[in-house]
Amino acid sequence: FFKQKTAYEIRLSLVGSEMCIRDSYKVNYADFSYEAHFGSPFFAVAMSPGVVLTAVHKQLSPKYLIPTRDLTVDSARAVGDIRAKISLFGGRGTLEVSTDVFAARFNEPRTTNDFDVIRDCIQLTHDALLSWNTTAYTVVFREEAINLRMFLELGSDAHEFLRNVVPRSEIYPSDEGDSKAEVIPGFHSELVRSDEKWDFSLGVQRAARSRNELFVVGNMRFYDGGRYATLNEKAEHYATIMKAEVARLKLEPEA
């Protein structure tokens, strides 16, 4: 996954820079989402949602079983509220097209193969939407976002891990001056490449359901006309940055 190192502009919302504690983790839960915002309204889904579903189904069905009961249309009076939806893999995945955005959501991806299937489903939907390109109308995505949320279980106390990442936790106020309140800082960083038209943010905080868990969110946005043009290039770049940023926190997956 790791390609080349670039001098990124980095904005860190933490106090202190010493992150010397190394810890292992396993993923207890993850969900993945992708959104592509149209450059101009995709009115085809409002005028003929069934035709849009037909085009997407035609691309997907040779590889993935999609019963007709998993194809739905949300009707509405407002054009922007009309949705064409496809449910995949027993409800673990959803593809949704509206006049403003194409969104894909998948629950519990675990393996490299899972992410390969997700990428394939999104690419095939792209291909179906691009089939509407004509001399009068061209499908353009002005912005694309990739988001992965995870609950990571550590081999040690997650609260102590965060305190080591953000060592000056005494700057965080306790609850209403109660000296017995436990202070648990969070971590947030951003990578911004305005010249390449992308940015990435990573958020890490405690998971309330378990003292040994972290809640991690990695979000990347790509803008029209940027360095990374294809879906595969964007997916590879996201994976590279996400892995590097988690590793920079001295977190390593269990062997």
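Leaving aside its neighbours within four places in sequence, which residues is M220 in contact with? They are E144, A145, I146, W198, D199, F200, H237, Y238 and I241, where contact means heavy atoms within 4.5 Å.

This is a predicted model, in which local features need pLDDT of at least 70 and side-chain atom pairs count only at pLDDT 80 or more, while totals for chains, interfaces and linings use all residues. Residues are numbered from 1 along each chain as its sequence is written, and side-chain values use heavy atoms, with hydrogens and water left out.

**The chain**

The secondary structure comes to five helices and 11 strands. Helices (H or I, at least four residues) and strands (E, at least two) are DSSP runs, numbered from the N terminus. Of the 255 residues in the chain, 41% are buried. Buried means under 20% relative accessible area, exposed over 50%, and partly exposed in between, with a 1.4 Å probe and protein chains only. Among contacts with a separation of 6 or more, 68% are between residues 24 or more positions apart.

**Strands β2, β7 and β10**

Strand β7 (residues 141-154) is mostly covered, with 11 of its 14 residues buried. Strand β2 (residues 23-38) runs antiparallel to β7 and is joined to it by 13 bridges. Strand β10 (residues 213-223) also pairs with β7 in the antiparallel sense, over 11 bridges. Two strands pair if DSSP finds at least two bridges between them. I146 in β7 is the bridge partner of Y34, and M220 in β10 is the bridge partner of I146.

M220 counts as buried because its relative accessibility is 0%. Between M220 and H237 there are 17 residues in sequence and 9.4 Å in space, C-alpha to C-alpha. N219, also in strand β10, counts as buried because its relative accessibility is 15%. Not counting residues up to four places away in sequence, N219 touches I146, N147, D199, F200, S201 and Y238.

In a regular strand the side chains alternate between the two faces of the sheet.

**Helix α4**

Helix α4 (residues 158-165) is mostly covered, with six of its eight residues buried. These are A158, H159, F161, L162, R163 and V165. They pack against β2, β7, β8 (187-193), β9 (198-206), β10 and β11 (251-253).

**Helix packing**

Helix α3 (residues 112-130) packs with helix α5 (residues 231-248) and with helix α2 (residues 49-60). Axes are lines fitted to C-alpha atoms, for helices over the stretch in contact, and angles run from 0 to 180 degrees between N-to-C directions.

| Helices | Axis distance | Angle |
|---|---|---|
| α3 and α5 | within 11 Å | roughly 150° |
| α2 and α3 | 8 Å | about 135° |

The crossing of α3 and α5 is right-handed, and α2 passes α3 in a right-handed crossing. A crossing is right-handed if the near helix is turned clockwise from the far one by less than a right angle, and left-handed if anticlockwise.

R119, I122 and Q123 in α3 meet L231, N232, A235 and E236 in α5. By class, the residues of this contact are three nonpolar, two polar and two charged. Ala, Val, Leu, Ile, Met, Phe, Trp, Tyr, Cys and Pro count as nonpolar, Asp, Glu, Lys and Arg as charged, and the others, Gly among them, as polar.

A55, V56, Q59 and L60 in α2 meet C121, L124, T125, D127 and A128 in α3. The contact of α2 with α3 has six nonpolar, two polar and one charged residues.
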